[in-house]
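Reader: I would like to learn how to read pockets and helices in a model. Could we go through one together?

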Amino acid sequence: MGMQIAIILVVFAAGLALAFAAFNFTMVKKMPEGTDEMSEIASAIRVGANAFIDYEYKILYTVVALVAVLLAIVTTWHAAVALILGSIMSGCAGFIGMKIATYANVRVSNRARETRDIGETVKVAFRGGSVMGLCVGGFALLGLFLVYIIFGIGLGQLGETTASYTNLLGLSFVPFTMTLSGYALGCSIVAMFNRVGGGIYTKAADMGADLVGKTEVHIPEDDPRNPATIADNVGDNVGDVAGLGSDLLESFVGAITSGIILAYHMFLQSQAMATGMTLAMLEKCVLFPLIFVSAGMLACCVGIAFLLFKKKMSSDPHKDLNGATYVAAALTILLGLAASLVLFQGEDAAVLKASLGFSAGAFSPWIAAAIGVLSGVVIGMMAEFYTSADFNPTKRLASASVEGPALTITQGLALGMKSCMAPCVVLGAGIIASYQLSGMYGVSMAAMGMLSFVAATVSVDTYGPISDNAGGIAEMSHLDPEVRQITDTLDSVGNTTAAIGKGFAIGSGALAALALMISYLYSFNEPGTELVLNIMTPMILAGAIVGAALPFLFSGMLIEAVAKAARKMVDEVRRQFREHPAILDGAEKPDYKTCISISSKGAIGEMKVPSLLAIVVPVVCGFVFGPEFVGGVIIGSTLSAIMIAIFSGNAGGAWDNGKKYIEAGGVPGHLKGSEAHEAAVVGDTVGDPLKDTVGPCLDIFIKIMSTVSLVAVPVFAKVNLVSWLAGLFG
C-alpha cells in the first residue's frame with residue numbers, strides 16, 4: 001500500500017510541476033517582444049541556439065545509443081533501456097529550458113522598457129527561469145515514476161534483493177539497482193555533453209567578444225557592431241540554461257538513486273550480519289527519498305508561485321529571489337518531517353540503529369535530509385559572500401583593478417583559494433553529523449536533501465542568463481540607458497545566484513559521490529565483509545594520486561578548448577573590423593553567422609575528449625588494475641574536484657561582479673572605460689572559463705565517474721589484468 005501511495009505522490013508532483021511549467025511558458029510567450037529591432041535580434045539568438053542544440057543532440061544520442069548497446073551486453077538490458085529513458089528526460093529538460101530562455105530574454109527587455117520597474121522585470125525573468133526549474137524536477141520525477149512502474153512493479157524488480165539476474169556473459173546483478181544506475185547514467189551523459197559543449201561555446205564567444213570589442217576597440221559590451229555579440233548571447237542559452245538544467249537534473253537523480261541503491265546493499269549486508277533489517281524496512285528506505293523529493297517538488301511550486309503572484313515586489317531582486325528559495329526550503333523540511341514519521345514510526349529503534357545506523361529513531365533520515373538542506377543554504381550564503389559586490393571580498397577585488405590587470409588576477413586567485421575552506425568545513429560537518437545520526441544512508445539523504453528543492457534553485461539560477469541576454473538585447477536595439485541599468489542590476493544578481501547554484505551542485509555532488517562510493521564497495525565485496533578502503537595500500541594510494549590529478553587534467557583540457565575556440569573567434573572579429581571598417585561606424589552590419597558557426601564547430605570539436613574521459617578512465621583502470629585501484633581513483637578525484645570547482649566558481653563570479661561594481665561607480669574616480677575598468681575586464685575574461693566551464697563541469701565529472709564505476713565494477717572485479725597476472729604467477 002505504501003508503494004502505491006508513493007508512486008501516486010511522485011506522478012502527482014511531476015504532473016503539477018510540468019503543468020505549472022507549461023502555464024508559465026504560455027504566459028511568457030503571450031507577452032509582447034517590443035520593437036521590430038528587438039524581435040529581429042531575439043530571432044537571431046533563437047535560431048543560433050536551436051542550430052547548436054540540434055547539432056549537439058545528434059552526436060549526443062549517437063553516443064547514448066552506443067553506450068546503451070554496450071550496457072545491454074555487459075550488464076542488463078533493463079539498464080540499457082533505463083539509460084535511454086534518462087537521456088530523454090534530461091534532454092527534454094535542457095531543450096525546453098533553452099527554448100523558453102530564447103523567448104523570455106527579449107520580453108524581459110521589453111518589460112523594462114515599458115514599465116521602468118525593476119520588480120516587474122524580475123518577475124518576467126523569473127517566470128522564464130521557473131520553466132527550466134520546474135522541468136528539471138518534473139522530468140526527473142517522471143522518469144523515476146516510469147522506472148518504478150515498468151521495471152520495479154511491472155517486471156517485479158523491487159522485490160528482488162539478491163543478484164538474481166544473470167546476463168549472457170554469466171555475470172549476476174541485483175536487477176533494480178542496476179536499472180536505477182542505468183537511468184542515472186543516462187542523465188549524466190546528457191549533462192556532461194550539455195555542460196561541456198555549452199560551456200566551451202559560451203565562453204569562446206564571450207571571450208572573443210570581450211578581448212576585441214571591449215579591450216581593443218573600446219566599444220560597450222553587447223554593442224551591435226561587435227560580430228561576436230550574437231554568438232555570446234546564444235552561448236548564454238546553450239551553456240548557462242540547457243547545460244545548467246541537465247546538470248542539476250543529473251545531480252537530483254544521482255542523489256535520489258544513490259540512497260535507493262545504498263538501501264538495497266545495506267539490506268544484503270544486514271542479512272549477512274543478522275542485524276535485523278526486514279523487507280518492510282527496505283521498502284521504507286526506498287520510499288523515503290521518493291516521498292521527500294516529491295514533497296520538495298510541491299514546496300517548490302509554492303515557493304515559485306510566492307514570487308510570481310506577489311503583488312508588491314521590492315526594489316532588491318536578490319531579496320525576492322531568496323524569498324522564493326527559502327519558502328521552498330522551509331516547506332520541504334516541514335513536509336519531510338511528516339514523511340519520516342509516517343514511514344518509520346513504530347519500527348524497533350534498536351533494529352534501526354543496528355542495521356541502518358539510525359541514532360534518532362524515526363526522525364533519523366529526516367534530520368539527515370534537513371542537514372543537507374541547511375548545508376546547501378549555508379554553502380549558498382558563502383558563495384554569495386565571496387562573489388557579491390555587496391560584500392568586502394569582491395569590493396577589494398574591484399579596488400585592486402586600479403593597480404592594473406596583474407593585481408586584479410592575483411587578488412582574484414587569492415579570493416578563490418580562500419573561499420574553498422568554509423564550504424568544505426560545512427560539507428565535512430554535514431557528512432559527520434548525518435553519518436552519526438543516520439549512518440551511510442543518512443549521508444545519501446543529506447545529498448538528496450540538498451537538492452530536494454532543486455526546482456526553486458534552478459529557477460533562480462536560470463533567471464541569471466535570461467537577464468544577461470535581456471541586457472544584450474537592450475544594448476543592441478539601442479534602448480534607453482535606464483533600461484540597460486535595470487537589466488544590468490538583474491544580471492549582477494544573476495551572477496551571484498549562479499555561484500550559489502554551483503555551490504549546491506558541487507556540495508550535493510560530493511555527498512552523492514560518497515554514497516555511491518559505499519555502494520561501489522558493497523558491489524564487489526561479499527555481504528558481511530567489513531567495508532574498508534585502506535588508503536595506505538599501495539594500489540589504493542596510487543589510485544588516489546592518479547584520481548586527484550584527473551580533475552586538473554580535465555580542467556586543463558576545458559580551458560585549452562575554450563582558448564582554442566576563443567582564438568578563432570578573436571581572429572574572425574579582428575578580420576571583420578580590418579576588412580570592413582564601416583562596421584565600427586555603424587554603416588555596415590557585421591557578419592554574425594560566421595561567429596556563431598565558429599563557436600558551434602569549436603564546441604563540438606573540442607568537447608569530445610574531455611566528455612569521454614569520465615566514462616573511459618574508470619572502465620580502463622578497472623580492467624587493468626582492478627576495483628581497489630578504481631576506489632582510490634574515485635576518492636582522489638572527488639576531493640580535488642571539490643576544491644577546483646569551488647575555487648573556479650567563486651573566483652570567476654567575483655571577477656565578473658568586480659567589473660560590474662566598477663561600471664556602477666563603486667570605485668570612486670574609475671568608471672566604465674577607465675584603465676581600472678579595462679583591468680577588471682581582463683580579470684573577468686580570465687574568470688569566464690573558470691566559472692562557466694570548469695566549475696560547473698567538475699561536479700558532473702565526479703558523479704559520472706562514480707556511476708560508471710558502480711555499473712562496471714561487477715564486471716572488472718572478476719576480470720582484470722592485475723588479478724589475471726597474479727593468478728598466472730602465483
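Author: The lining of the largest pocket is made up of 23 nonpolar, twelve polar and two charged residues. Here Ala, Val, Leu, Ile, Met, Phe, Trp, Tyr, Cys and Pro count as nonpolar, Asp, Glu, Lys and Arg as charged, and the others, Gly among them, as polar. This is a predicted model, in which local features need pLDDT of at least 70 and side-chain atom pairs count only at pLDDT 80 or more, while totals for chains, interfaces and linings use all residues. Residues are numbered from 1 along each chain as its sequence is written, and side-chain values use heavy atoms, with hydrogens and water left out.

Reader: What is a pocket, and which residues lie nearest the centre of the largest pocket?

Author: On a 1 Å grid over the protein atoms alone, a pocket is an open set of points with protein on both sides within 12 Å along at least five of seven lines, and lining residues have an atom within 4 Å of a point. Nearest the centre of the largest pocket are Tyr 435, Gly 439, Met 440, Leu 514 and Ile 518.

Reader: Which element gives the most to that lining?

Author: Helices are DSSP runs (H or I, at least four residues), numbered from the N terminus. The helix α13 gives the most, with eight residues.

Reader: Where does α6 bend?

Author: A bend is the angle between axes fitted to the seven residues ending at a residue and the seven starting there. In α6 the bend is about 30°, at Leu 244. Just after α6, Ala 274 has a positive phi of about 55°.

Reader: Why is α6 described as largely enclosed?

Author: Buried means under 20% relative accessible area (1.4 Å probe, protein chains only). The rest of the structure largely encloses α6, because 42 of its 45 residues are buried.

Conventions
On a 1 Å grid over the protein atoms alone, a cavity is a set of points where a 1.4 Å probe fits but cannot get out, and a pocket is an open set with protein on both sides within 12 Å along at least five of seven lines; lining residues have an atom within 4 Å of a point. Helices (H or I, at least four residues) and strands (E, at least two) are DSSP runs, numbered from the N terminus. Buried means under 20% relative accessible area, exposed over 50%, partly exposed in between (1.4 Å probe, protein chains only).
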